[in-house]
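Biologist: I am new to this structure and would like to learn how to read it. Could you take me through it feature by feature?

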Amino acid sequence: MATFTNQAQLSYGGTVVNSNIATGEIVSTLEMTKTALTGTYRQGDRITYVLSIRNTGATAITGATLTDNLGAYTFGAETLVPLTYVAGSARAFLDGVPAADPTVTAGETLVFSALTIPAGGNLLLIYEVTANEFAPLGTAGTTVNTATLTGTGITTPVTATETVTPNAAADLAIRKDVSPVPVSENGTLTYTFTLLNYGTTATDAADNVTLTDTFNPALAGLSATLDGTALVLTTDYTYNEGTGLFATVPGRITVPAATYVQNPATGAYVLTPGTATLVVTGTI
């Protein structure tokens, strides 16, 4: 909502008289909201934004420009941009009907040009970005993204802001290696399982992390260690030599949180996953 003031002058016979100051108000006919379909992210994740522009006026807005700052923030003397537009991802809908793809210029600022918002109607823009190496990590991190609409017929720029945060939950992956390759008949075989946690929260016993595997061929004389500590059959894991089914007791494995550092020179975040290593050895 914008206000304006105006004052008149009356001059006569060398005398000037000022009127009172009249104050008016311009009520915007545009409403804009910005929503992220997923409120959290990991480095490299895609984030989908939905931007809705509603025109409650009786006149269509044409040739409008929308700029998106892609979450830019200040880092020392630099400006870092934590989001990268996914080329070709933008789609437009006019009053819910698919329209021609919008004209997009991507860079440190994302620009949608030549937009039309119909009278009494709605323009919906949907587009994707990627959380790049400058996207803040950790429980205190946030990425604040602002869109601004300007153009002819728009007295005051219309803005909408959305905030997304790093995923703080545990985020596990597993890698399995076998050695030696090849192995002799009646030889000793070792499976190494590396559990990686890309989240900034460690798992604990309540998470009931369980690793299961059916060894084929089954192993005899099996032994297991977790991060170098010997595990005890039944107490820490179960194993059936007949079927080859191996399983850790739920909650016995815990995986530390990932760690991250922000490069003081470049501002890029480097994430190192937390790891736990399970080694199982037996005879074929």
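Modeller: Gladly, and we can begin with strands. Helices (H or I, at least four residues) and strands (E, at least two) are DSSP runs, numbered from the N terminus. Two strands pair if DSSP finds at least two bridges between them. Here, six strands make an open sheet in the order β6-β18-β17-β8-β15-β14, and the pairing is mixed. β6 (40-41) and β14 (103-105) stand at the edges with a single partner strand each, so one side of each has no neighbour in the sheet.

Biologist: What should I know about the model itself?

Modeller: This is a predicted model, in which local features need pLDDT of at least 70 and side-chain atom pairs count only at pLDDT 80 or more, while totals for chains, interfaces and linings use all residues. Residues are numbered from 1 along each chain as its sequence is written, and side-chain values use heavy atoms, leaving out hydrogens and water.

Biologist: How many bridges join β8 to β17, and in which sense do they run?

Modeller: Strand β8 (residues 61-68) and strand β17 (residues 143-150) run antiparallel and are joined by four bridges. Leu66 has Leu149 in β17 as its bridge partner. Another antiparallel pair is β26 (residues 259-262) with β27 (residues 269-272), again over four bridges. There, Gln262 is bridged to Tyr269. Their hairpin has six residues between the strands, and Gly267 in it takes a positive phi near 85°.

Biologist: How do I read a salt bridge?

Modeller: Side chains of opposite charge can pair when their charged atoms come close. The test is a side-chain nitrogen of Lys or Arg within 4 Å of a carboxyl oxygen of Asp or Glu. The whole structure has eight salt bridges. One of them joins Asp68 to Lys34, with the closest N and O atoms 3.0 Å apart. Asp68 lies in β8 and Lys34 in β5 (residues 30-36), so this pair ties together parts that are 34 residues apart in sequence.

Biologist: Is Asp68 buried or exposed?

Modeller: Buried means under 20% relative accessible area, exposed over 50%, and partly exposed in between (1.4 Å probe, protein chains only). Asp68 counts as buried because its relative accessibility is 0%, and Lys34 is buried too, at 5%.

Biologist: Which residues are linked in a network of salt bridges?

Modeller: Arg42, Asp45 and Asp171 are. In the bridge between Arg42 and Asp171, the closest N and O atoms are 2.5 Å apart. That pair links distant parts of the chain: Arg42 sits in the loop between β6 and β7 (46-55), and Asp171 in the loop between β18 (158-166) and β19 (172-179), 129 residues apart. Arg42 is partly exposed at 34%, whereas Asp171 is buried at 14%.

Biologist: Where is Ser89, and which residues is Ser89 in contact with?

Modeller: Ser89 is in the loop between β11 (83-85) and β12 (91-94). Leaving aside neighbours within four places in sequence, Ser89 is in contact with Ile126, Tyr127 and Glu128. A polar atom of the Ser89 side chain lies 3.0 Å from the backbone nitrogen of Glu128.

Notes. Polar contact = N/O pair within 3.5 Å; in protein donor to acceptor, adjacent residues only side chain to side chain. Contact = heavy atoms within 4.5 Å.
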